[in-house]
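User: I'm new to this one. Can you walk me through a few spots?

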Amino acid sequence: HVVDSLYKEITRRPLYYSEIGGGKWLHLQEVYFLDPNARGVQDEFALASALVGANIPISHLPRKVMKMFDLVGTKITYINASLVLSKLRTDVGYAKKVSKESLLTVLRYLVYNLEETQFQGLRGLHLLPLADGRIGTFGEKDYYIVSDAERAILSNSCSSLIDHEACDVLQPFSDLLNSVSVRTLDSSNFPKLLSDQFPKVPAGATKVEWDVNVVSPEFIENVYRYIQ
């Protein structure tokens, strides 16, 4: 009874720290906790910090304390992928407030924890690091998951290529991400992207002088090596 009373008392006081707003002590009902069963979480504190950027107050407690809360019937609210999607949808400037590392952390959390039917919810989110350093919007246009070899060949199409670290995160879910215009390269789209690497041919021209400063011999070798 003494332990029960103690735990019930500490649920009534603002004893739960979150980084939100520069750092605040909040009541239990005001904070979220990371689900210990969440998939794809490499660093709990990095994820919490990234989510604070989306105005989600995350707090941390030792696992033993959280288990005791369960034993005494104290409700704990765990964060989930649906809630994160909802918060990001209302925070259109999120990508400008956080680092690329935070974006990748949130992306990893989402793709590993969304249900298959929820991937469509990524549409419209400005959350996709691109090879040219900008951030793309899911569903805005076709973006491509590419290998290092493909990225080297398609350097003039960087605005359509996903950042290499983001590719590593998204690759296992490429089939599900088709619904939000994230593609892998195949025979239907590679030729179009490859043609963008060459100078435009003037109308009526039957040949173009080869400028090695534009299309180098190494580039040609890389293309033939790739298609073989």
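Analyst: Here are some short notes on selected residues.
Analyst: This is a predicted model: local features need pLDDT of at least 70, side-chain atom pairs count only at pLDDT 80 or more, and totals for chains, interfaces and linings use all residues. Residues are numbered from 1 along each chain as its sequence is written, and side-chain values use heavy atoms, with hydrogens and water left out.

User: Where is Arg-108?
Analyst: Arg-108 sits in helix H6, residues 100-113. Helices (H or I, at least four residues) and strands (E, at least two) are DSSP runs, numbered from the N terminus.

User: Is Arg-108 buried or exposed?
Analyst: Arg-108 is buried and has no salt bridge. Buried means under 20% relative accessible area, exposed over 50%, partly exposed in between (1.4 Å probe, protein chains only). A salt bridge is a side-chain nitrogen of Lys or Arg within 4 Å of a carboxyl oxygen of Asp or Glu.

User: Which side chain of opposite charge is nearest to Arg-108?
Analyst: Asp-168, at 7.1 Å. Lys and Arg count as positive, Asp and Glu as negative; His and the chain ends are not counted.

User: And what is Arg-108 in contact with?
Analyst: Gly-40, Gln-42 and Val-169, leaving aside neighbours within four places in sequence. Contact means heavy atoms within 4.5 Å.

User: Is Cys-167 buried or exposed?
Analyst: Cys-167 counts as buried, at 3% relative accessibility.

User: Now the backbone. What is phi of Ser-181?
Analyst: Near 65 degrees, a positive value in a residue other than glycine. Ser-181 is in the loop between helix H9 (174-177) and strand S6 (182-184). Ser-181 is buried, with a relative accessible area of 9%.

User: What about phi of Asn-55?
Analyst: Phi of Asn-55 is also positive, near 65 degrees. Asn-55 is in the loop between helix H2 (44-52) and helix H3 (63-71).

User: Back to helix H9. What does Ser-174 touch?
Analyst: Ser-174 lies in helix H9. Ser-174 touches Ile-145, Val-182 and Thr-184, not counting residues up to four places away in sequence. Ser-174 counts as buried, at 12% relative accessibility.

User: Last one. Where does Tyr-226 lie?
Analyst: In helix H11, residues 217-227. Tyr-226 is partly exposed, with a relative accessible area of 31%.
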